[in-house]
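Hi,

Here is the structure I promised to pass on.

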Amino acid sequence: MAKQHDARQLGFTLLEVLVSIAIFSVIAIVSYTTLDTYIDHRERLTQHYGKLERLQRVFVLLERDMQFIIDRNVRSGGDIEPAVKDGDGDAFISMTVAEPDINTAQGVALRRIEWRLKGKEMIRASWDVLDQDGNVEPLEFIISDEIEDIELTYFFYKPNQGLESESSLDKGAFPDGIEVNLTLASGETYRRLFGVARGANSINQNSSGRAN
């Protein structure tokens with residue numbers, strides 16, 4: 001009889017089992033809620049940082065192009081286009097740039113760059129041939145697909161007057177700085193101001209020539 005009594009003492013009553021199940025259920029619910037919240041926050045942070053990374057890529061490429069703008073007009077289909085041109089259809093800016101290139105004798109490569117906004121896609125088009133008949137197809141890359149709108153402001157330095165801004169660019173005008181205001185599809189806006197390295201326009205004008 002003593003052994004049977006000891007065996008019963010080693011077991012669990014129904015009430016104890018039910019209490020244990022209830023405790024573990026509460027712990028499981030709390031753990032699941034905490035884990036679900038953590039995963040949700042992590043996904044939101046991942047999306048946020050991914051968006052910032054893509055936006056940073058846009059600004060890096062824009063800065064590189066605008067920094068190396070040179071004062072060199074181009075011929076396109078028989079027409080003369082200025083070194084910097086804004087607002088033409090889907091294109092919001094076209095420019096002649098002198099990109100650093102160690103594979104050339106001069107250390108730079110002249111290209112015609114055009115930035116476009118089609119729908120929400122921001123596209124960078126590049127021509128290696130500056131003066132052409134208009135039938136040369138550019139190399140195009142979609143840089144972003146979440147841009148709602150873009151606005152450019154041009155800055156000009158005038159002696160004794162400082163910087164003056166214009167929302168449009170007169171034909172033949174060469175800015176000292178360009179401000180880019182991007183509006184994303186989510187409604188967020190970002191603004192960056194880029195300086196133009198005017199000293200680049202001295203790069204071998206004799207060999208490259210300037211369209212007049």
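Which residues does Asp65 touch, not counting residues up to four places away in sequence? Asp65 touches Met95, Val97, Glu99, Ile113, Trp115 and Arg124, where contact means heavy atoms within 4.5 Å. Asp65 has its place in helix α2. With a relative accessible area of 0%, Asp65 is buried; buried means under 20% relative accessible area, exposed over 50% and partly exposed in between, using a 1.4 Å probe and protein chains only.

Before the rest, a word on the source. This is a predicted model, in which local features need pLDDT of at least 70 and side-chain atom pairs count only at pLDDT 80 or more, while totals for chains, interfaces and linings use all residues. Residues are numbered from 1 along each chain as its sequence is written, and side-chain values use heavy atoms, with hydrogens and water left out.

Now the overview. The protein chain has three helices and eleven strands. Helices (H or I, at least four residues) and strands (E, at least two) are DSSP runs, numbered from the N terminus. Along the sequence the pattern reads α-α-β-β-β-β-β-β-β-β-β-β-β-α. Of the 212 residues, 34% count as buried. Among the contacts in the chain with a separation of 6 or more, 54% are accounted for by residues 24 or more positions apart. The chain exposes about 13500 Å², and carbon and sulfur atoms supply 53% of that; the areas come from the Shrake-Rupley method with a 1.4 Å probe, and for residues only the protein chains shown count as cover.

On to the inside. The largest nonpolar core has 32 residues, of which Met66, Ile69, Ile93, Trp115, Met122, Val180 and Leu182 touch the most other members. (A nonpolar core is a set of buried Ala, Val, Leu, Ile, Met, Phe, Trp, Tyr and Cys residues joined through side-chain atoms within 4.5 Å.) The elements that give two or more residues to this core are α2 (14-67), β4, β5 (108-118), β8 and β10 (177-184). Helix α2 gives the most, with six residues. Apart from this core lies another one of six residues, including Ile70, Val74, Val108 and Leu110.

Next, the sheet. Five strands form an open sheet in the order β3-β4-β5-β6-β7, with antiparallel pairing; two strands pair if DSSP finds at least two bridges between them. β3 and β7 (139-144) stand at the edges with a single partner strand each, so one side of each has no neighbour in the sheet. Neighbouring strands are turned by 25 degrees against each other on average, direction ignored; the axes are lines fitted to C-alpha atoms, for helices over the stretch in contact, and angles run from 0 to 180 degrees between N-to-C directions.

Going through the pairs:

- β3 (residues 84-88) and β4 (residues 91-100) pair over four bridges, and Asp88 has Ala91 as its bridge partner in β4. The two strands form a hairpin with two residues between them, and Gly89 in the turn has a positive phi of about 65 degrees.
- β5 and β6 pair over seven bridges, with Trp127 in β6 as the bridge partner of Arg112. Their hairpin also has two residues between the strands, and Gly119 there takes a positive phi near 65 degrees.
- β6 (residues 121-127) and β7 pair over five bridges. In β7, Phe141 is the bridge partner of Arg124, and Ser144 is that of Met122.

Is β6 enclosed or open? Six of its seven residues are buried, so β6 is largely enclosed by the rest of the structure. Ser126 has its place in this strand and is buried at 12% relative accessible area. Leaving aside neighbours within four places in sequence, Ser126 is in contact with Arg111, Arg112, Ile113, Pro138 and Leu139.

Over in β7 sits Glu140, which is partly exposed at 38%. The Glu140 side chain makes a polar contact with the side chain of Arg116 (2.5 Å). For that term, count a pair of N or O atoms within 3.5 Å; within protein, one must be able to donate a hydrogen and the other to accept it, and residues adjacent in sequence count only if both atoms are side-chain atoms.

Asn160 counts as exposed, at 84% relative accessibility.

Cheers
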